[in-house]
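Please open the structure in the viewer and keep the selection tool at hand.

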Amino acid sequence: MGYEIRGGPAATEESRAGNGARSGPRLVAVSDLHVRYTENRDIVEGLHPESDEDWLLVAGDVGEYVADVRRTLQLLAGRFAKVVWTPGNHELWTPPGDPVQLRGEQRYEHLVRICRELGVVTPEDPFPVWEGPGGPVAIAPLFVLYDYSFRPAGARSKEEALAIAEQAGVVCTDEFLLHPDPHPSRDAWCRARLRITEARLSEVPPELPTVLVNHFPLVREPTRVLWYPEFALWCGTEATADWPRRFRASAVVHGHLHIPRLVWWEGVPHQEVSLGYPREWRRRSGTPGRPVEVFPLVPNGACA
């Protein structure tokens, strides 16, 4: 019987998920495609499923321009059996050169409408249920921002944290291009999204585990390796730290950090699946942009 969901300290162990030759349907993920770069667009053009039944999770930062997001998701939706998308901070920017000058919630709602035209699942849609290997499991795309609670040592407030980051020369472009309209601030928008998202996750039947997909990490641990630790301010919220346990996550998928790796935290695999900028992926071994199989996993980091 099929499901569809409607309504709304352990040590860290790191390794990359396996991408073995197992046949059959696969649940794979990618993020931070940043298709404004020609090299990245070429990589996206080469993305194909290994099975006609593969699902693709896209964990945000497809691009900054609405037309680029539409074109990319349309391409992927035509190749994969199902595409699930959640926005990154770059999709929420309002760049001066984009013909679509919507801001804040209006921009997000516009992107949701585009996804629905393309048959792409968004955080506003019923959570689909993966019934392939390891299933059934509810696939929950989340739209949760950040609230400046991943603060550097010594900072007792958002203002102190921002001052420390600025002194270190670290200021996220979100401060200039990600507008929270109609909310008074990005952290206020984050609080609103936390309420909405928590309510939706609470409606998932208790017998179903979940795969939680968010652009930003849901726990702070993956940010500990940032070259510029002050950037963690723009990387999530402490309010989601218990969500993987509360909502029975079999896996958490995220991007944003541009440091692809697998971190096991409190028994749950947190998989960062970003492509990133060309200057970043050129330094890595392996095939850039290859979707990562994210479920099911076993504690050694391999696919079951």
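The stops below concern cysteines, aromatic rings and charges over rings.

The model is predicted, so that local features need pLDDT of at least 70 and side-chain atom pairs count only at pLDDT 80 or more, while totals for chains, interfaces and linings use all residues. Residues are numbered from 1 along each chain as its sequence is written, and side-chain values use heavy atoms, with hydrogens and water left out.

Select Cys172 to begin. Its sulfur lies 7.8 Å from the closest cysteine sulfur, in Cys235, which is too far for a bond; a disulfide requires two cysteine sulfur atoms within 2.5 Å. Cys190 is likewise in no disulfide, with the nearest cysteine sulfur, that of Cys235, 13 Å away. The count of disulfides is zero. Cys190 is buried at a relative accessible area of 0% (buried is under 20%, exposed over 50%, partly exposed in between, with a 1.4 Å probe and protein chains only).

Rings of Phe, Tyr and Trp (its six-membered ring) pair if their centres lie within 6.5 Å; planes under 30 degrees apart are stacked, over 60 edge-to-face, and the rest tilted. Select Tyr37 and Tyr277: the ring centres are 5.5 Å apart and the planes at 50°, so the pair is tilted. Tyr37 is partly exposed, at 34%, whereas Tyr277 is buried, at 16%.

Now select Tyr146, Tyr148, Phe216, Phe231 and Trp234, which form one aromatic cluster. Within this selection, Trp234 is buried, with a relative accessible area of 1%.

Finally, select Arg200, which lies over the face of Phe127 at 4.2 Å from the ring centre. A charge sits over a ring if NZ of Lys or CZ of Arg is within 6 Å of the ring centre and within 35 degrees of the ring normal.
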